[in-house]
Amino acid sequence: MILGLTGGIGSGKSTVSRLFQELGAIVFDADIIAKSLLSRESIKNEILRKIRGSSLNKITNELDRERLKEIVFKDREKLTILNGIIHPEVKVIYKELAERYSHVEEVIIFDVPLLFETKIDELCDKVIVVDIEEKTQLERVYERDKIDYKLIKDIISNQMSREERNRKADIILENNGSLENLRERVKKLYMEIKRGSI
């Protein structure tokens, strides 16, 4: 079974992904895929050409991803340009993965922050949304990334709303509590998936 896994920034999606992996699921992480795409010369050059202010790290000769994030989340038009460069390439990779893993018995997780926006949900049997209250979300992102609340809110405003994401979900995994609480929820869900009751 192929499960799409998504959630807003700071929702705990990556933690859920890791917990599934520990239980035996095979995980394909869109952030890792996108990061590898940013190293492609053709994509790197297209971003430098189309997004003013983007730059290379002088030491590594790689795109300065922190600078790029700051630019695009303050300018919706530039974010649209970046997504137009990266998302089609990411979807091609997930299409290939869906074809390869569509008939296996293992639990396959497509961990994609913008699962619905990129329409990768169409490649999945079910979609899990990791849900979190906004106050907790802001606090967790601030603690993790040490970026100001204004940038966090800019990032959230550029993502699908919590209400819409939850409406599109097949399964909502609430994550307002402790890590242990989340671990138990993920384990229960995994066992239900393995039994075929989901």
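Student: Which residues are linked in a network of salt bridges?

Tutor: Before we start, keep in mind that this is a predicted model. Now the general idea: side chains of opposite charge can pair when their charged atoms come close. Here, Arg-18, Glu-22, Glu-180 and Arg-183 are joined by salt bridges into a network.

Student: How many salt bridges does the structure hold?

Tutor: There are 16 salt bridges. One of them pairs Arg-40 with Glu-89, with 3.3 Å between the closest N and O atoms. This pair links distant parts of the chain, as Arg-40 sits in the loop between α2 and α3 while Glu-89 belongs to helix α5, and the two are 49 residues apart.

Student: Are Arg-40 and Glu-89 buried, exposed or partly exposed?

Tutor: Arg-40 has a relative accessibility of 39%, so it counts as partly exposed. Glu-89 is partly exposed too, because its relative accessible area is 31%. The partly exposed class lies between the cut-offs of 20% for buried and 50% for exposed.

Student: What is the salt-bridge partner of Lys-146?

Tutor: Lys-146 pairs with Glu-143, and the closest N and O atoms are 3.8 Å apart. Lys-146 counts as exposed at 56% relative accessibility, and Glu-143 is exposed as well, at 53%.

Student: Let us turn to the strands. What is their order in the sheet?

Tutor: Follow the strands from one side to the other and you read β2-β3-β1-β4-β5, an open sheet of five strands with parallel pairing. β2 and β5 stand at the edges, and each has a single partner strand, so one side of each has no neighbour in the sheet. On average, neighbouring strands are turned by 25° against each other, direction ignored.

Student: How many bridges join β4 and β5?

Tutor: β4 and β5 pair in the parallel sense over four bridges.

Student: Now for the empty space. How do I look for pockets?

Tutor: Rolling a probe the size of a water molecule over the atoms shows where empty space is left. In this model, the largest pocket has a volume of about 1400 Å³. Of the 42 residues lining this pocket, Asp-31, Lys-69, Phe-73, Pro-113 and Gln-159 are the closest to its centre.

Student: Which element gives the most to the lining of the largest pocket?

Tutor: That is α5, with eight residues. The elements giving two or more residues to this lining are α1, α2, α4, α5 and α6. By type, the lining of the largest pocket divides into 17 nonpolar, 14 polar and eleven charged residues.

Student: What about the second largest pocket, and which residues are the closest to its centre?

Tutor: The second largest pocket holds about 180 Å³ of space. It is lined by 15 residues, and Gln-137, Ile-156, Ser-161, Arg-162 and Arg-165 are the closest to its centre. β4, α6 and α8 each supply at least two residues of this lining, and the largest share, four residues, comes from α8. The lining of the second largest pocket divides into five nonpolar, five polar and five charged residues.

Student: Where is Lys-119, and what is its phi?

Tutor: Look in the loop between β3 and β4 to find Lys-119. Its phi is near 65°, a positive value in a residue other than glycine. Lys-119 counts as partly exposed, because its relative accessibility is 45%.

Methods: Residues numbered from 1 in each chain as written. Predicted model: local features only at pLDDT ≥ 70, side-chain atom pairs only at ≥ 80, totals over all residues. Heavy atoms only, no water. 1 Å grid on protein atoms, 1.4 Å probe; cavity = no way out; pocket = protein on both sides within 12 Å on 5 of 7 lines; lining within 4 Å. Points joined across faces, edges and corners; volume = space filled by probe spheres on them. Nonpolar A, V, L, I, M, F, W, Y, C, P; charged D, E, K, R; others polar. Salt bridge = Lys/Arg side-chain N within 4 Å of Asp/Glu carboxyl O. Buried < 20%, exposed > 50% of the residue type's maximum accessible area, 1.4 Å probe, protein only. Pairing = 2+ DSSP bridges. Axes fitted to C-alpha atoms, helices over the stretch in contact; angles between N-to-C directions.
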